[in-house]
Amino acid sequence: MARRSGPRLLDWINTPSHLQFNPFILTGYRPASSISGCVRSLFYLHNELGNIYIHGSVLYHLFMCHRGGNRVYSHLLALDMCGVWLANSLGAIPMIQCTLVCWPSLRLFTLVMYAFLSVMAGWRALTALSTTARLQAFGWQAIARLLVFGIRWLGIGTGAPRSLLCYLRMDALALLGGLVNVARLPERWGPGIFDYWCNSHQIMHFLSVISILQMHAGVVPDLVWAASHDYACPED
Ligand SMILES: [Zn+2]
């Protein structure tokens with residue numbers, strides 16, 4: 001995977017403006033490419049290679065240098081946001097369902113409210129103009145989840161005992177990743193040093209993978225718990 005096997009890479013100053021979103025990544029930008037050129041970039045070193053290989057947002061990172069320019073890039077970014085939105089929106093349904101299984105009216109209200117917040121979050125994420133605004137778009141969903149987790153922590157809500165800690169780790173890791181990405185750390189401390197590896201976006205990818213694994217680790221026991229019907233509601 002030698003760098004010289006690919007095309008001549010660009011510095012930040014020479015890359016198209018829509019790809020200049022991180023001024024602390026100074027080198028390693030791919031030139032504008034065809035679809036096959038983008039795919040070939042899987043096999044040489046450039047500053048998006050780590051992002052392509054360590055995360056699910058492969059299409060966005062692989063094709064962001066497509067010669068279609070900002071128009072293609074905007075569609076890819078929207079697609080990337082849809083993935084984040086799906087995980088945030090659908091992922092919370094089993095958590096709410098299991099926490100409020102004994103409170104059908106409150107459960108329905110919470111699910112409807114969460115659906116409303118999800119629609120708002122999706123719209124705000126798709127129309128956001130900055131990384132900070134995209135992170136903020138998911139804020140109300142996160143607050144709603146914390147309220148649900150609080151109900152469970154107080155013992156009012158139900159669910160598998162070990163799931164709550166997984167959910168708290170899930171949101172803590174996702175928030176930490178989002179903040180690292182917005183702060184552009186560590187490359188802000190050493191512009192040019194982290195162009196290829198260990199920059200903020202890669203750290204966010206890494207943390208969000210662990211976050212999703214924590215979601216899985218929480219949801220599976222919750223669903224098994226709900227399917228077992230091995231619980232008693234206060235009215236029973
Ligand atoms: Zn990414």
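1. A metal donor is an N, O or S atom within 2.8 Å of the metal (3.2 Å for Na, K and Ca); water is not among the atoms, so sites may look incomplete. In this structure the zinc ion is coordinated at 2.1 Å by His 61 (NE2), His 201 (NE2) and His 205 (NE2).

2. The model under review is predicted: local features need pLDDT of at least 70 and side-chain atom pairs count only at pLDDT 80 or more, whereas totals for chains, interfaces and linings use all residues. Residues are numbered from 1 along each chain as its sequence is written, and side-chain values use heavy atoms, with hydrogens and water left out.

3. The donor residues of the zinc ion follow the spacing H-x139-H-x3-H in sequence. Distant parts of the chain are linked here, with His 61 in helix H3 and His 205 in helix H10 (residues 200–228), 144 residues apart. Helices are DSSP runs (H or I, at least four residues), numbered from the N terminus. His 61 counts as buried because its relative accessibility is 2%, and His 205 does so at 1%. The term buried means under 20% relative accessible area, exposed means over 50%, and partly exposed lies in between (1.4 Å probe, protein chains only).

4. Three aromatic pairs are found in a search of the whole structure. The ring centres of Tyr 60 and Tyr 73 are 5.6 Å apart and the planes stand at 45 degrees, so this pair is tilted. Rings of Phe, Tyr and Trp (its six-membered ring) pair if their centres lie within 6.5 Å; planes under 30 degrees apart count as stacked, over 60 as edge-to-face and the rest as tilted.

5. Tyr 60 belongs to helix H3 (residues 58–63) and Tyr 73 to helix H4 (residues 70–90), so the pair ties together parts that are 13 residues apart in sequence. Both Tyr 60 and Tyr 73 are buried. Together with Phe 21, these two residues form one aromatic cluster.

6. Phe 149 and Tyr 167 make a stacked aromatic pair, with 5.5 Å from centre to centre and 15 degrees between the planes. Phe 149 lies in helix H8 (residues 139–153) and Tyr 167 in helix H9 (residues 163–183), 18 residues apart. Phe 149 is buried, with a relative accessible area of 2%, and Tyr 167 counts as buried at 0% relative accessibility.

7. Helix H5 (residues 92–99) is mostly covered, with six of its eight residues buried. The buried residues of H5 include Met 95, Ile 96 and Cys 98. The buried residues of this helix pack against H4, helix H6 (104–127), H8, H9 and H10, where contact means heavy atoms within 4.5 Å.

How values were computed. Helix = DSSP H or I, 4+ residues; strand = E, 2+ residues; numbered from the N terminus.
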